[in-house]
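Here is a quick tour of a protein model, written for someone who likes cut-offs spelled out. Have a look at the structure first, then read on.

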Amino acid sequence: MTSTAGATDTVGTADTVGMTSTALAAHEVTVSYGGRRVLDGVDLRVAPGETVGLRGPSGSGKSTLARVLALLHAPEAGHVTLDGQRVAGARHRLPAAVRTRVAILFQSPRAATDPRLGLADIIAEPLRATGTPEAPARARAAELADLVGLTPDLLARRPHAVSDGQLQRACLARALVHRPDYLLCDEATAMLDASTQAHLAAVITDYQREHAAGVLLITHDPALMARWATRVVDLPPPPSQP
């Protein structure tokens with residue numbers, strides 16, 4: 001991968017770089033958990049084809065912001081827009097045509113998968129959830145399994161019978177199954193060996209190039225950030241609590 005890191009921005013009241021309606025964007029997003037404010041009026045934009053690196057100290061709300069942008073968590077204030085259209089709600093309150101345009105790859109594949117399912121079923125799960133017939137769902141799962149480097153003998157195995165790297169490959173295949181316009185990577189390579197990390201990064205980069213997908217990269221790895229990110233945004237420390 002070539003080095004593409006550019007400007008570094010700090011999230012304050014706005015992230016205005018590349019201001020365009022064609023983007024996945026958070027607008028003045030505020031989120032609290034148990035009375036503790038995690039995000040306070042945060043703006044962030046990810047445009048098609050760019051890789052935005054997001055970094056910040058522990059507790060600054062990086063993962064929370066990723067979940068908001070992934071349409072998994074509705075903010076208490078502010079909102080998300082998807083290519084200029086305001087998104088109201090989260091998860092299955094949204095039409096499938098909206099929620100499948102954004103995918104997220106989490107740090108821990110074991111926390112993100114059903115231990116009762118084999119890898120082929122994990123990959124095909126989002127297709128079945130949106131009513132895709134069985135034959136096309138299995139064909140798409142097999143296609144993506146091959147893309148991420150999973151051999152056919154692994155596809156019937158459940159998570160306990162594969163390595164973290166193999167399971168994360170299945171999670172990446174699952175994330176790409178609906179051909180999302182935006183892919184959010186939340187420390188997605190942190191638990192992987194160097195070889196698996198490089199392979200998954202290459203798959204994501206190739207997908208981004210082919211589909212002009214926007215990518216959000218959350219990582220504590222400065223070398224990965226420097227190689228991959230088009231620009232880097234810094235989240236400030238968490239707001240001080242009263």
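This is a predicted model: local features need pLDDT of at least 70, side-chain atom pairs count only at pLDDT 80 or more; totals for chains, interfaces and linings use all residues.

## Leu155 and its loop

Leu155 sits in the loop that links helix H4 (134-147) to helix H5 (164-176); helices here are DSSP runs of H or I with at least four residues, strands are runs of E with at least two, and both are numbered from the N terminus. With a relative accessible area of 17%, Leu155 is buried (buried means under 20% relative accessible area, exposed over 50%, partly exposed in between, using a 1.4 Å probe and protein chains only).

Which residues does Leu155 touch, leaving aside its neighbours within four places in sequence? Gly118, Leu119, Ala120, Ala145 and Leu150 are in contact with Leu155, where contact means heavy atoms within 4.5 Å.

Residues are numbered from 1 along each chain as its sequence is written, and side-chain values use heavy atoms, with hydrogens and water left out.

## The chain as a whole

The protein chain has 7 helices and 10 strands. Its radius of gyration is 17 Å, close to the 18 Å from the globule rule for 242 residues, so the chain is as compact as a globular protein of that length. That radius is taken over C-alpha atoms, and the rule is 2.2 Å times the number of residues to the power 0.38. Along the principal axes, the C-alpha trace spans about 55 × 40 × 35 Å.

Of the 242 residues, 47% count as buried. If you take the contacts in the chain with a separation of 6 or more, 75% of them come from residues 24 or more positions apart. The accessible surface is about 11000 Å², and carbon and sulfur atoms own 53% of that (Shrake-Rupley method, 1.4 Å probe; for residues, only the protein chains shown count as cover).

On the charge side, there are 24 positive and 24 negative charges, and their mean positions are 5 Å apart. Lys and Arg count as positive, Asp and Glu as negative, while His and the chain ends are not counted. Each charge is placed at NZ of Lys, CZ of Arg, CG of Asp or CD of Glu.

## Helix H1 and what follows

How many of the 8 residues of helix H1 (residues 62-69) are buried? The count is 6, so to speak a mostly covered helix. The buried ones are Lys62, Thr64, Leu65, Ala66, Val68 and Leu69. Leu69 has a relative accessible area of 0%. Beyond residues up to four places away in sequence, Leu69 touches Leu24, Ala25, Ala26, Leu44, Val102, Leu184 and Leu216. Leu69 and Arg101, 32 residues apart in sequence, are 11 Å apart in space from C-alpha to C-alpha.

Just after H1 comes Leu71, in the loop between H1 and strand E5 (77-82). Leu71 is buried at a relative accessible area of 4%.

Most residues other than glycine have a negative phi. Leu71 is not a glycine, yet has a positive phi of about 65°. Glu187 is another non-glycine with a positive phi, here about 55°. Glu187 lies in the loop between strand E8 (182-186) and helix H6 (194-211), and counts as buried at 10% relative accessibility.

## Two buried threonines

Thr30 belongs to strand E2 (residues 24-33) and is buried at 6% relative accessibility. A polar atom of the Thr30 side chain lies 3.0 Å from the backbone nitrogen of Gly41. Apart from residues up to four places away in sequence, Thr30 touches Arg37, Leu39, Asp40, Gly41, Pro75, Glu76 and Ala77.

Thr113 is in the loop between strand E7 (102-105) and helix H3 (119-129), buried with a relative accessible area of 9%. The Thr113 side chain reaches the backbone oxygen of Pro109 at 2.8 Å.

Note on methods. A polar contact is a pair of N or O atoms within 3.5 Å; within protein, one must be able to donate a hydrogen and the other to accept it, and residues adjacent in sequence count only if both atoms are side-chain atoms.
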